[in-house]
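Okay, thanks for making time, everyone. Let me put the sequence and the structure up, and then we'll walk through them together.

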Amino acid sequence: MKLVPLTDRIVIKKLHAEETTKSGIVLPGQDKEKPAQAEVIAVGPGGVVDGKEIKMEVKVGQHIVYSRYAGTDVELDGEKFVIIRQGDVLAVIEQ
């Protein structure tokens, strides 16, 4: 199965940052309070939302920073995703 977002919605997969202690021990998968980072998995087509034309500015594969409490959690085929609106994206992380 596949998630296909509508209008200005984006499907993302959270990135879990590894945290290293001062002594060098890696603590994998620690959820940090800020910032919330994710990889874009799917992007809706945009369109008219509340009478305004919405052009999608993020692309599949980009890493983003998004509002921590935004979106809806979804589990599909054992994987966890979040569906957010484009307006909840705070920044795109450029490599």
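So, the strand and helix calls first: these are DSSP runs numbered from the N terminus, with helices being H or I runs of at least four residues and strands being E runs of at least two. Before I go further, this is a predicted model, so local features need pLDDT of at least 70, side-chain atom pairs count only at pLDDT 80 or more, and totals for chains, interfaces and linings use all residues. Residues are numbered from 1 along each chain as its sequence is written, and side-chain values use heavy atoms, with hydrogens and water left out.

On those calls, the protein chain has zero helices and 10 strands.

Let's start with I12, which sits in strand β1. Is I12 buried or exposed? I12 is buried, at 0% relative accessibility; buried here means under 20% relative accessible area, exposed means over 50%, and partly exposed is in between, with a 1.4 Å probe and protein chains only. As for partners, contact means heavy atoms within 4.5 Å. Setting aside neighbours within four places in sequence, I12 touches A38, E39, V40, I41, I64, Y66, F81, V82 and I84.

Now the charged pairs. A salt bridge here is a side-chain nitrogen of Lys or Arg within 4 Å of a carboxyl oxygen of Asp or Glu. How many does a search of the whole structure find? Two.

One is D8 with R85, where the closest N and O atoms are 2.9 Å apart. That pair links distant parts of the chain, with D8 in the segment before β1 (9–14) and R85 in strand β9 (residues 79–85), 77 residues apart. D8 is buried, at a relative accessible area of 7%, whereas R85 is partly exposed at 35%.

The other is K13 with E79, and there the closest N and O atoms are 2.5 Å apart. This pair also links distant parts of the chain: K13 is in strand β1 and E79 in strand β9, 66 residues apart. K13 is partly exposed, with a relative accessible area of 31%, and E79 is partly exposed too, at 35%.

Last bit, the whole chain. Of the 95 residues, 25% are buried. Among contacts with a separation of 6 or more, 64% come from residues 24 or more positions apart.
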